[in-house]
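Reader: I would like to go through this structure term by term, asking in each case what a label rests on. Could you set each value against its definition as we go?

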Amino acid sequence: MSRIRTWTVLSLLILPLAACRDGSAPAAAPADDAPAAAGPGAAAPAAPARLEDVIERDPRYMVGISYPPGMEAYPGLAAALQAYAQQAREELMQAVEALDAPPAAPYDLSLGFRLLMQSPQLVAVAADGSVYTGGAHGQPLVARFVWLPGRGEMLTAERLVPSAEGWRVVARQVAEQLAASAQVRAIDGALSPQERKSLLDSALRMIDEGTGPDPANFAQFEPVPAPDGRIAALRFVFPPYQVGPYADGVQYAQVPAATLLPYVAGEYQALFVQ
């Protein structure tokens, strides 16, 4: 799945969750994220998502999906995780159904969700994996979910930092960290000076393009917890191809709370170390 498609799936999922917060709804939701009771004549609420690990084997394909336990306690988060996994599986099955003959190597979806942080204020989950539908290697699946139980919403980059100036500050610091890492990778005795320069120029160009001051470029992030359970920093996560070639893998850059706080929306500042 491409980064753009991953972002599209998450955007379609997150927007309905945030739409209810237009100022008319209470700021806090019940701790268990339970939906409000339906009024007379209202449609019955959808059944909460049940997250069950998946193992499927077929001569044409294999599927493996695993979830951390206890996520059903947060119905909105559970629904987001399930929708992401289902979208990845649907894309795999579309490729399988298009086959005229069994592939030389089975198509494959491998996706693991893992709990990163859990507190009364937020629950963070990482999704990492790949989908293989032929070619030299699989396509990476990289996503992060930061759920706010008390508010009943997903924390998104756009809502967290609403100003353009804030993203310029974040982009500058992130680009500097990624560029420093690229320079370290370019120090390879097996390469000629010209090869090193070409490698570094290409890396810096991808970093510049992938870290422009647009919240969409920073959609995947995970909290770094402080001892008191608040957020000490945000670690931004960049899948292959966004800021470097596939061979460089997933890349990370960390921005401390002190840098972020002047630009964080007031409603979320209590989540961070002051």
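**Labels and their cut-offs**

Reader: Why is Glu153 called buried?

Author: Glu153 has a relative accessibility of 0%, and buried means under 20% relative accessible area, with exposed over 50% and partly exposed in between (1.4 Å probe, protein chains only), so Glu153 counts as buried. This is a predicted model, in which local features need pLDDT of at least 70 and side-chain atom pairs pLDDT 80 or more, while totals for chains, interfaces and linings use all residues. Residues are numbered from 1 along each chain as its sequence is written, and side-chain values use heavy atoms, with hydrogens and water left out.

Reader: What makes the contact of Glu153 with Arg151 a salt bridge?

Author: The term asks for a side-chain nitrogen of Lys or Arg within 4 Å of a carboxyl oxygen of Asp or Glu; the N to O distance between Arg151 and Glu153 is 3.4 Å, so the pair meets that limit. Side chains of opposite charge can pair when their charged atoms come close. The structure holds 13 salt bridges.

Reader: How do you know that Arg168 and Glu165 form a salt bridge, and where do they lie?

Author: Their closest N and O atoms are 3.0 Å apart, and both residues lie in helix 4 (residues 164–186), 3 residues apart, about one turn of the helix. A helix here is a DSSP run of H or I with at least four residues, a strand is a run of E with at least two, and both are numbered from the N terminus. Arg168 has a relative accessible area of 40% and is therefore partly exposed, and Glu165, at 36%, counts as partly exposed.

Reader: What makes Arg235 and Glu222 a link between distant parts of the chain?

Author: Their salt bridge brings the closest N and O atoms to 2.9 Å, with Arg235 in strand 8 (residues 231–238) and Glu222 in strand 7, 13 residues apart. Arg235 has a relative accessible area of 26%, so it is partly exposed, whereas Glu222, at 7%, counts as buried. Both belong to a network of salt bridges that also links Arg114, Asp128 and Arg144.

Reader: Why is Gln220 called buried, and which backbone atom lies 2.8 Å from its side chain?

Author: Gln220 has a relative accessibility of 8%, and therefore counts as buried; it is found in the loop between helix 5 (193–210) and strand 7 (221–225). A polar atom of its side chain lies 2.8 Å from the backbone nitrogen of Arg144.

Reader: Why is the pair of Trp167 and Phe218 called stacked?

Author: Rings of Phe, Tyr and Trp (its six-membered ring) pair if their centres lie within 6.5 Å, and planes under 30 degrees apart count as stacked, over 60 as edge-to-face and the rest as tilted. The ring centres of Trp167 and Phe218 are 5.3 Å apart and their planes stand at 20°, so the pair is stacked. Trp167 lies in helix 4 and Phe218 in the loop between helix 5 and strand 7, so the pair ties together parts that are 51 residues apart in sequence.

Reader: What makes Phe218 and Phe238 an edge-to-face pair?

Author: The centres of the Phe218 and Phe238 rings are 6.0 Å apart and the planes make 80°, so this pair passes the distance limit and falls in the edge-to-face range. Phe238 lies in strand 8, 20 residues from Phe218, and Phe218 and Phe238 are both buried. Ring pairs link Trp167, Phe218, Phe221, Phe236 and Phe238 into a cluster.

Reader: How do you know that strand 8 and strand 9 are paired?

Author: Two strands pair if DSSP finds at least two bridges between them, and strand 8 and strand 9, which run antiparallel, are joined by 6 bridges. In one of the facing positions, Ala233 stands opposite Pro256 in strand 9.

Reader: Why are strand 7 and strand 9 called edge strands?

Author: The open antiparallel sheet has the order 7-8-9; strand 7 and strand 9 (251–256) each have a single partner strand, so one side of each is left without a neighbour in the sheet.

Reader: What makes strand 1 and strand 2 a pair, and in which sheet order do they stand?

Author: Strand 1 and strand 2 (residues 61–66) run antiparallel and are joined by 4 bridges, among them the one between Ile55 and its partner Gly64 in strand 2. They belong to an open sheet of 6 strands with mixed pairing, in the order 1-2-3-4-5-6. Strand 1 (54–57) and strand 6 (153–154) are its edges, each pairing on one side only.

How values were computed. Polar contact = N/O pair within 3.5 Å; in protein donor to acceptor, adjacent residues only side chain to side chain.
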